[in-house]
Structures are given as C-alpha cells and as structure tokens.
Number of protein chains: 2
Amino acid sequence: MDNYPSILLGNAVNQFATLPGIGRKTALRLVLHLLRQPQATVQTFASALTELKQNVHYCHICHNISDQETCSICASPKRDRQTVCVVENIQDVMSIENTGQYIGLYHVLGGIISPIDGVGPKDIEIDSLVARIEPEQIKEVILALPTTMEGDTTNFYIYRRLAPFIEGAQQLKVSQIARGVAVGNDLEYTDEITLGRSIINRTEFKL
Amino acid sequence: MDNYPSILLGNAVNQFATLPGIGRKTALRLVLHLLRQPQATVQTFASALTELKQNVHYCHICHNISDQETCSICASPKRDRQTVCVVENIQDVMSIENTGQYIGLYHVLGGIISPIDGVGPKDIEIDSLVARIEPEQIKEVILALPTTMEGDTTNFYIYRRLAPFIEGAQQLKVSQIARGVAVGNDLEYTDEITLGRSIINRTEFKL
C-alpha cells in the first residue's frame, strides 16, 4: 500500500503511521476521513496538536500534566497535602481521580524501572520524590504502581530510598494499593498467583 | 476518563476521538505519545494535515485523489485509455494498482448505492462516468465494486445507464471482476454462496 496517488496524502499517512498501534492501512483510513471533513475541522485538529505541544507544562512538583506551572491538584487547597500517591504515568492519575476515593497529592514517575528497556532509577522521577518528603512534611507515601515484576522492583527501590524517613523523626508511612481478586471476578477464573496471594494477605472481615 | 488535568490535553484528545475507530482511551494514548515527541515532530504532523486538506485535489476526470488537477494515472501516456475500471473509493484504486495487473484508467464513484444509508445514484459519480464514455471513446468498462448487495445494486444501475452505448455504434463492453474461491482458500471453509456460484460460473481449464 505504498503507491499513494498524492505525495501530500502519503505524508499525512506516514505521520499517522508513526503513532503507536496505528498501521499504514488504519492511517490511510483516518487521513481519508479527515479529507472528507470541512477545512475548518482539519485546521482545528492541527492547531489542537500544535498548541498542546507548545503550551502544555509538566507540574514542577508532581510532574503531572498541566496548563500552568503548578497543576490543579498540587495548587488545590482542598487536597490532603501530607499524603502522596506514586504512580507510573498521567493516565494513572486520571484513573485514580475518577474513583473519587483519594484526596491526597500525586507524584508521577514518568515510567518504572525496567532494565530490559534500559530504564534505570535515574531515568524516572524518584530523586524528586525523595526530595519532596522532608520539605513538604509528607506523612504517607502510597505506592500505586503496576502489579508487575517492574512495578515490584520500582516499589522495592523507592522503599529503600525512603527508609531514612521511615526510621527517622518524620516516621513516614509507606503503603501499597491492595492486591487481590478484582471486584466482580469469579475465583474460578482468577489466576493462581493472585488467588494465592489474596489468601495469604487476607484482611479481617468487618460489617 | 473526562477529568483531563489540562484543557489543551482534553482538546487534543477530543480531536483524536472524532476519528473513526479511535475511542477516548486510545486518543489519550496517542496524544501522550505525541507529547513525548520533540516540538518539530509534532509541528510536522500538524502541518502535514493542514497541507493535505489545503492542497490535495480530486482528479477532474476520474475523481481519484491527486496533487494536480489531473491525477498521475489519467495524465500518464502509458495507460490504456480505452478501458475504465469503476471502483468505490481511493483505497480500491491503490489495491488494484498494487496488483500490477491493470494498465487502464479508473473511475472512483466515491461510494455505492445504499438506500439504507441514504446514498442514491445522484450522490455518487455515476453521471460523470456515463459522460466519459463517448468523448473518451471508451471500449470497456470493468465493474470492480464490492461483492455485496449494495455493490450488485450499483453494478446493475450502472449497466442500465450504459446500455445505450452497449447496443449503440460504440459497442461498449461491460465486464465485472471474477468472483469465486479466493486463492489459497480451502473449499471446506468457503461460504456456500461463493462456492455455489463458482461452480455455476466455472471457466475452461487451460494449460
């Protein structure tokens, strides 16, 4: 599918095909869809992208995405400023915000430690997390990283870096999100490792 | 997933989510991918879209997409100018060109007759096809539309419109692409209608 009847069409398809999960056939379909739209629609699309890249900031405190220097969560007076939830990326902040169950602050690592992908502790925002603990007088760090080998490695590394604050005068608490059988899942279809751990890590039944 | 931490991010996600087959989660993933790219890359992406819409033409003869008023196929002196292949859309032109088996011209209808979608004969480029036959002295029209009910309806309608040229002095020939068992398919897994027709429409075996 590389004989495009128009160079401009080929260019646009090549651009879309650089996006993750978009192959050349899908890219062509998207471009032909845009081509059928009015000029103004395509112009809005293009300028949304340009403005995004030019004007979006990363919050200088938590590294969440923001229109300002400080993101709306870090700037909000309503949030619990002594709890920080550590997440891998911005999508995770949005997912946790959507639960409506968390009122603390965040810290976006921008990745997790993964030697196989060449991502070490210095490549993600761990130093800036450690640097926040004392000045901001954080009382609890909640580790909300993926429940994968890489997530566990990162949890372990962060825990070790935070150890001085845990044992020190600040008495920092480090917790991790609960792991177990997902709500609505049948035990029959839950994988063995999850089920096994959910028995070991059982919690007291309360009414 | 509608609490975007940035309005600009939300705008870009909304734009991507208007594309066919792209949901809000995928849109967010694509936008965050673009956000990680250098400024120049995003700028190239945006301007490819703008230029596409501003500068792309539809060939005034065959309605294929083109950088010029006349597309490269209609303009080529190497093509057989007496044969016209009728296709639904631009992707079909590209697919047939990729086979390397066709040296004639094309006519892109821009759709097929589909009453259920409100597409009638006047909504697609049938009049302009009929208008080409005499002045261009076309000898053969090849119908290469989808092998669906809509495709068959459109074939039938076009055939009726071309009837005067078939019976007239021009002795126009109207053919359709072969239908039958696809190359590499087991008969066992071929649907009954295709298999039944491929027996009725059997061709002479030649070495």
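On a 1 Å grid over the protein atoms alone, a pocket is an open set of points with protein on both sides within 12 Å along at least five of seven lines, whereas a cavity is a set where a 1.4 Å probe fits but cannot get out; lining residues have an atom within 4 Å of a point. Grid points are joined across faces, edges and corners, and a volume is the space filled by probe spheres set on the points.

This is a predicted model, in which local features need pLDDT of at least 70 and side-chain atom pairs count only at pLDDT 80 or more, while totals for chains, interfaces and linings use all residues. Residues are numbered from 1 along each chain as its sequence is written, chains are lettered from A in the order in which they are written, and side-chain values use heavy atoms, with hydrogens and water left out.

The largest pocket has a volume of about 430 Å³, and among its 18 lining residues A:Arg36, B:Asn89, B:Ile90, B:Gly110 and B:Gly111 lie nearest the centre. Two or more lining residues come from each of helix H2 (24-36) of chain A and H5 of chain B, with H2(A) giving the largest share, four residues. Helices (H or I, at least four residues) and strands (E, at least two) are DSSP runs, numbered from the N terminus.

In the second largest pocket, the residues nearest the centre are A:Glu88, A:Asn89, A:Ile90, A:Gly110 and B:Arg36. Here the elements that give two or more residues to the lining are helix H5 (90-99) of chain A and helix H2 (24-36) of chain B, and the largest share, three residues, comes from H2(B).

The table divides each lining by residue class, where Ala, Val, Leu, Ile, Met, Phe, Trp, Tyr, Cys and Pro count as nonpolar, Asp, Glu, Lys and Arg as charged, and the others, Gly among them, as polar.

| Pocket | Volume | Lining classes |
|---|---|---|
| Largest pocket | about 430 Å³ | eight nonpolar, five polar, five charged residues |
| Second largest pocket | about 350 Å³ | five nonpolar, five polar, four charged residues |

**The sheet of chain B**

In chain B, four strands form an open parallel sheet in the order S4-S3-S5-S6, two strands being paired if DSSP finds at least two bridges between them. Strand S4 (104-108) and strand S6 (173-176) of chain B stand at the edges with a single partner strand each, so one side of each is left without a neighbour in the sheet. Strand S3 (residues 80-87) and strand S5 (residues 140-143) of chain B pair over four bridges, and B:Val84 stands opposite B:Val141 in S5(B).

Helix H5 (residues 90-99) of chain B packs on the sheet, touching S3 and S4 of chain B, and its direction makes about 160° with that of S4(B). Contact means heavy atoms within 4.5 Å, and axes are lines fitted to C-alpha atoms, for helices over the stretch in contact, with angles running from 0 to 180 degrees between N-to-C directions.
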